[in-house]
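Please look over the chain shown below with the following briefing at hand. The points are grouped by topic and begin with a single residue before turning to the wider picture.

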Amino acid sequence: MKNRKIIFVLGLLMTCGLALTCCTKNGENTIVLIGTEYYIDDILSVIPDSLQTSFSADFGSIPEGPVPPKIEGSYVVDPKHRVSSNLTEYEWPLQTVEPNMYMRFANQHNGIVKMDLNEATETVTDTVFVCGNGSAFAVYFIENKSYEIELGGQTYHAKVKRGIVMKGQVIEDGLKDFRYATIIMKSEDDSNGLIAQYPQGSYFIYKDGDGLAKREVW
């Protein structure tokens, strides 16, 4: 009887321990599922309600879940293809190859990860959100960007707020079926209409040309 009690207690401790590995502290006293902490934004926060249907049709389903795979590492999107947008092709021609995009993920913990993202000549470093399940993942964040534009000898100041979503599957060679999307949430400048801005709600979707964002140190 004593041995049975010991086995029962050990089994109970193992069960509780397994449950707690999928949970974390949310503030001081509340235990919540990993990936649902108060400091983690919902992935839908980067996709305006008005775009939910059309964006999902072009981008496809977004892997969601509280236990994403480890995406840590360096990757290159080569070639980077623009494949979809809700603007007309005249405004934003599709099937265009753009400069390679480089990504580096580090210090992944629960639903957050540090990201370095290089597009053309600019590198952005930020802490972003990651979700998913199994080998499938999604990375998402909101970017606030300020820049200057020279026009007719005058310098104008512009700001843009973008929602950014990435998705794919982690495999040994890199990120399979990689997709990358940017969504214009707000844009403004002080040019009084001289500078054309993409309208709020515009989105642009890209993929790796051969379907795999390969691992590459940069």
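**Briefing on the predicted model**

Lys186 has its place in strand 12 (residues 174–189), where strands (E, at least two residues) and helices (H or I, at least four residues) are DSSP runs numbered from the N terminus. This is a predicted model, in which local features need pLDDT of at least 70 and side-chain atom pairs count only at pLDDT 80 or more, whereas totals for chains, interfaces and linings use all residues. Residues are numbered from 1 along each chain as its sequence is written, and side-chain values use heavy atoms, with hydrogens and water left out.

**Surroundings of Lys186**

- Lys186 is partly exposed, with a relative accessible area of 46%; on this scale buried means under 20% relative accessible area, exposed over 50%, and partly exposed in between (1.4 Å probe, protein chains only).
- When residues up to four places away in sequence are not counted, Lys186 touches Lys159, Val160 and Lys161, a contact being heavy atoms within 4.5 Å.
- Between Lys186 and Ser202, which are 16 residues apart in sequence, the C-alpha to C-alpha distance is 9.7 Å.

**The chain as a whole**

- The secondary structure of the chain comprises two helices and 14 strands.
- Of the 218 residues in the chain, 38% are buried.
- Among contacts with a separation of 6 or more, 58% are between residues 24 or more positions apart.
- The chain exposes about 12,500 Å², of which carbon and sulfur atoms supply 54%; accessible areas come from the Shrake-Rupley method with a 1.4 Å probe, and for residues only the protein chains shown count as cover.

- Strand 9 (residues 122–133) pairs with strand 10 (residues 136–151) in the antiparallel sense over five bridges, pairing being assigned if DSSP finds at least two bridges between two strands.
- Within this pairing, Phe129 has Tyr140 in strand 10 as its bridge partner.
- Strand 9 and strand 10 form a hairpin with two residues between them, and Gly134 in the turn has a positive phi of about 65 degrees.
- Strand 10 and strand 11 run antiparallel and are joined by 16 bridges, with His157 in strand 11 as the bridge partner of Glu148.
- A hairpin with two residues between the strands is also formed by strand 10 and strand 11, and here Gly152 in the turn has a positive phi of about 60 degrees.

**Salt bridges**

- A search of the whole structure finds eight salt bridges, each defined as a side-chain nitrogen of Lys or Arg within 4 Å of a carboxyl oxygen of Asp or Glu.
- One of them joins Lys80 and Glu119, whose closest N and O atoms are 2.9 Å apart; this pair links distant parts of the chain, with Lys80 in strand 5 (residues 80–85) and Glu119 in strand 8 (residues 112–119), 39 residues apart.
- Lys80 is buried, with a relative accessible area of 4%, while Glu119 is partly exposed at 23%.
- Glu98 and Arg82 meet through their side chains in a salt bridge of 2.6 Å, N to O, which links Glu98 in strand 6 (residues 96–98) to Arg82 in strand 5, 16 residues apart; both Glu98 and Arg82 are buried.
- Glu119 also forms a salt bridge with Arg162, with the closest N and O atoms 3.8 Å apart, and this pair links strand 8 to strand 11 (residues 154–171) across 43 residues.
- Salt bridges that share partners join Lys80, Arg82, Glu98, Glu119, Glu143 and Arg162 into one network, in which Arg162 is buried, with a relative accessible area of 13%.
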